[in-house]
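Thanks for sending this one over.

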Amino acid sequence: MTFAGNDEEEGLVVVMPAPLLGLAKEDLKGDYVKLGGDDLGEDNRFVAGCMTASSSELSYEGNSRCWSLWWWAKLVLVLIFVGVLAAVFLKWVGPFFMDKEIIPILNWETRTFSTPVLAVLVYASVALFPTLLLPSTPSMWVAGMTFGYGFGFLLIIAAVPIGVSLPYFIGHLFHHKIQSLIERNPKNASVIRLAGEGNWFNQARAVTLIRISPFPYIVFNYCAMATGVKYGPYLLGTLIGMVPEIFVTIYTGILIKTLANASQEQRFLSAPQIILNVLGFSFTFVTTVLITVYAKRRLKELQRDEELLLQ
């Protein structure tokens, strides 16, 4: 590294190696001037800092580009794997499973219940099963198989408020017990507490992200009230956060019915049907994963923000 300095009297340029900055330089008048580290240290530090910053920026850009390429490569591999898995399921596993399990249940269902009665049963199960700590996903599948996207979605979304409100209000009776259970798991407790932080909008946003994330649906129904979240943002965030899951379960029910009909009629799906179902399944799977990853990332960011505010 060299240092360049201008001689203002003669217009000369003096170039000296950095290690020799502590030596003496003779000026035009015959005197000697000491060039110590204190005289030129600031300039040298500035130049060195610029070089270090430039190399760091180049390294960061290179790492960022490599990481982006690797992320897309992994996404392509996942899509290929999911597509192959879906094709195998649709071709061999699905028909066998349909013959043994699904078709008998569907036949019993159609013989036993009319469509209006089935709608009432689906609504009641989605509304009451979460309070009883029972999963309501099979009922959503039935809604997809029987009513499709339109009426099936309306039927489920109308029952969700009851299914999440009953545990919320019942939880008030066991407020202290639930809080003690939450304290035993600090990792999950930090996520749940986000629902009760901030104003109305922040609470609704946190509840939405928690509903989209893999956090257990039934558990949060009972634990939400212990966070201090108000009922309004709790309900709104739940309805928004449940939309992706509802569409996924309805699509799953429609797919199950398609495979069951093909198996019952002793015919294979045509090539276009297989391709469309594989693409639909892959798209649904990838979309669900991306939304879930985004929700988890946003929850972590909110956790870091809360920790910074508490410091």
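The points below start with the model itself and then move to the side chains.

1. This is a predicted model, in which local features need pLDDT of at least 70, side-chain atom pairs count only at pLDDT 80 or more, and totals for chains, interfaces and linings use all residues. Residues are numbered from 1 along each chain as its sequence is written, and side-chain values use heavy atoms, with hydrogens and water left out.

2. Rings of Phe, Tyr and Trp (its six-membered ring) pair if their centres lie within 6.5 Å; planes under 30 degrees apart are stacked, over 60 edge-to-face and the rest tilted. The count comes to ten aromatic pairs. In one of them, Phe147 and Phe151 have ring centres 5.2 Å apart and planes at 65°, so this pair is edge-to-face. The two sit four residues apart in helix H3 (residues 137–170), about one helical turn; helices here are DSSP runs (H or I, at least four residues), numbered from the N terminus. Phe147 is buried at 16% relative accessibility, while Phe151 is partly exposed at 45%. Buried means under 20% relative accessible area, exposed over 50% and partly exposed in between (1.4 Å probe, protein chains only).

3. The rings of Phe169 and Tyr231 have centres 5.1 Å apart and planes at 35°, so they are tilted. Because Phe169 lies in helix H3 and Tyr231 in helix H8 (residues 231–264), the pair ties together parts 62 residues apart in sequence.
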